[in-house]
Amino acid sequence: MTSALTETARGPSAPRAGGGASRRAKRSATGRVSPLILVFVFVPFAVEAVWVFWPAVQGFWLALTNWDGLSAPTFVGFGNFSDMASDPIFRTALKNTAIWLVLFGGLSVIGGFGMALLLQRERRGVGIYRAALFTPVVFSLVVTALIWRVFYQPDGLVDTILRTIGLGDFVQPWLADPDTALYAVIVPALWRQIGYVMVLYLAGLKAVDPALYEAAKVDGASAWQRTLYVTIPQLKGVNSVVLSVIVIDSLRSFDIVWSMTKGGPYHSSELLSTYMYSTAFQSTQLGYASALAVVIFLLALAVILGYLIRAFREET
Amino acid sequence: MNRLKTSGYHLAMGLVSFLWVAPILWVIVISFRSFDDVAANGLGSLPHSFTFSTYKSAWEDADEFRALVNSLVVTIPAVILSLGLASIAAYGLARYSIPFRRTVLLLMLMGNLLPPQILLIPISRFVELIGYYDTLIALIAVHVGFGLGFYTFVLHGFMRDLPREIQEAATIDGAGPGKIYASVILPLTRPAMAALGALSFTWIFNDLLWSITVIRSGEKMPVTPALLGLQGLFVSSWNVIAAGTVIAAIPTVAVFLRFQKHFVGGLAIGAVK
């Protein structure tokens, strides 16, 4: 469930105006609460409490300790966090996570939105184009990683193509060179994410009232103006969903980097998530790794809160 | 002019689409090439051979068959359990005025929004403590626990919008809450359940992080993490790795093709507001 898809469809399902839905909610939820209903709610809640809430509390506590997993954890306060300041790998991972957020996040929104605009009108062939762009979304990130590793191999297709078009000088060990590794991983991640963002925007575009376009057209707005002044403002809801999904996904991104480079070479493609994993399970510094996880959480916090507030509003 | 524009559009989109699927096609082509061919001509060349032996290697020598079985043993119960639990919770929260129901719902959603990294160490310790480290049961439990919040939230949205009258009618007919859930609400939620079912199948099947966190032995690994092991086993035998990759991708592609409409519909849940 850690794939980029995981967080895809978060959000209230009802494509209705808030007012109508809430009135209905008040009306429909009037059944008398029987013990069975309490069990219905309590059991799933308890399952999540055991597997999520309680571990999360422990995770936050462990971040304040030093722990090798064998002896008992010792409390060090915010020591782990001050250690980060002088940890060059942490700084690289933080910088790479920021690059990842901007490039992976930004380009997938631009690419996905652009493709959705190009493919929104139902016409001949559009179904095939959409399917082609969407296909990678179905694959796991590990499958995606392996497909592209085959590609990047020395004498693989990338190199062969570069040589054929006379750019042989650019041929290099893409994933083994610290200067290119991070970007060589972002490309496949984008390949998979763009189709997904496109689907989100296609759904959003479908919900835009066609009368608005007609009105703008009658008023003499060009296609470009219609996109800028009708489509984009109408997509505000989708934009905020896409933004939350992208930020949370970027911060969680792990699979693709782990399967392609494991954060290497020399930590050049390290993200906070991969650094956290290797710190926890390879060098077993469990306290420090927990602190890294807390940093990931704090970076995602604003977006998580924004998402919850929106969800909360929908429910009222 | 217009015709020129149309053919330009199709030319450009056709090219983009082709480039998009080209990596997949290329890997499929490589998966059918023999060792000698790859060694002699390189991975970048057109195929000079055709063989199924790569698939045999991946299936038998690398034991991808067992990995696939592991994946299904984890994925199918995990999907059923999470949707079952999520639907009863959503039913209670959406149709009955339970105290603090909004808080409960948002707390559950919040759990799913947490970065999994914060849970990795405590969960690996916890499954060790209860003696389930390195078991598929632990993996099922983790997937169910972590996914629940989101599924509950989505299903709650659907159930909330069902008209009250049907529930009242069933109550007048003497149906209890359990009966109303099973024979009235659940059937009406089928489209949402199908969408979430298709989505959660791919999510759980495609998982890497939880698998490598709670499972250690190679013979218990589901196919997604096992693929990474394949790289170590067949160092630079990229044709076998390609075959293994194709095998690992087949189940999710099959689910996607079978439930295409639900799948895309599920992805779009939440985008339209």
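**Domains, core and confidence**

Modeller: In this predicted model, the C-alpha centres of domain 1 of chain B and domain 2 of chain B lie 33 Å apart. Domain 1 covers 2–54 and domain 2 covers 56–268, with bounds that come from an automatic or database domain assignment. Residues are numbered from 1 along each chain as its sequence is written, while chains are lettered from A and ligands numbered from 1 in the order in which they are written. As the model is predicted, local features need pLDDT of at least 70 and side-chain atom pairs count only at pLDDT 80 or more, whereas totals for chains, interfaces and linings use all residues.

Colleague: What makes domain 1 and domain 2 of chain B partners in a contact?

Modeller: Two residues are in contact if their C-beta atoms, placed from the backbone, lie within 7 Å. The contact between these domains takes eleven residues from domain 1 of chain B and eleven residues from domain 2 of chain B. On the side of domain 1 that touches domain 2, α1 (2–31), α2 (35–41) and α3 (53–61) of chain B each supply at least two residues. Of the helices, α1(B) gives the most, with four residues. Helices here are DSSP runs (H or I, at least four residues), as are strands (E, at least two), and both are numbered from the N terminus.

Colleague: How are the residues on that side of domain 1 of chain B divided by class?

Modeller: Ala, Val, Leu, Ile, Met, Phe, Trp, Tyr, Cys and Pro count as nonpolar, Asp, Glu, Lys and Arg as charged, and the others, Gly among them, as polar. By this rule, the side of domain 1 of chain B that touches domain 2 of chain B has seven nonpolar, three polar and one charged residues.

Colleague: How many residues does each chain give to the contact between chain A and chain B?

Modeller: Chain A gives 99 residues and chain B gives 97 residues. On the side of chain A that touches chain B, helix α2 (residues 35–62) of chain A gives the most, with 18 residues. The residues of that side divide into 66 nonpolar, 23 polar and ten charged.

Colleague: Why is A:Val303 called partly exposed?

Modeller: A residue is buried if 20 or more other C-beta atoms lie within 10 Å of its own, exposed if 12 or fewer, and partly exposed in between; the C-beta atoms are placed from the backbone. A:Val303 has 19 C-beta neighbours inside 10 Å, and therefore counts as partly exposed. A:Val303 is found in helix α14 (residues 286–315) of chain A. Leaving aside neighbours within four places in sequence, A:Val303 is in contact with A:Ser244, A:Val247 and A:Ile248.

Colleague: Which class does B:Lys261 receive, buried or exposed, and why?

Modeller: B:Lys261 has 11 other C-beta atoms within 10 Å, so B:Lys261 is exposed. B:Lys261 is found in helix α14 (residues 260–268) of chain B. The C-alpha atoms of B:Lys261 and B:Ala195, 66 residues apart along the chain, are separated by 8.2 Å.

Colleague: What makes a group of residues a nonpolar core?

Modeller: A nonpolar core is a set of buried Ala, Val, Leu, Ile, Met, Phe, Trp, Tyr and Cys residues joined through C-beta atoms within 7 Å. The largest such core has 183 residues, and those with the most contacts inside it are A:Met198, A:Leu200 and A:Leu292. Helix α8 (residues 181–206) of chain A contributes the largest share of this core, 17 residues. Leaving out residues up to four places away in sequence, A:Leu292 touches A:Leu272, A:Tyr275, A:Met276 and A:Thr279.

Colleague: How much of chain A is buried?

Modeller: Buried residues make up 47% of the 316 residues in chain A. Chain A has 14 helices and two strands.

Colleague: What is the mean pLDDT of chain A, and where is the pLDDT below 50?

Modeller: pLDDT is the predictor's confidence in each residue, from 0 to 100. The mean for chain A is 83, and 89% of its residues reach 70 or more. Over residues 1–28 of chain A the pLDDT is below 50. Where pLDDT is low, the predicted coordinates should not be read in detail.
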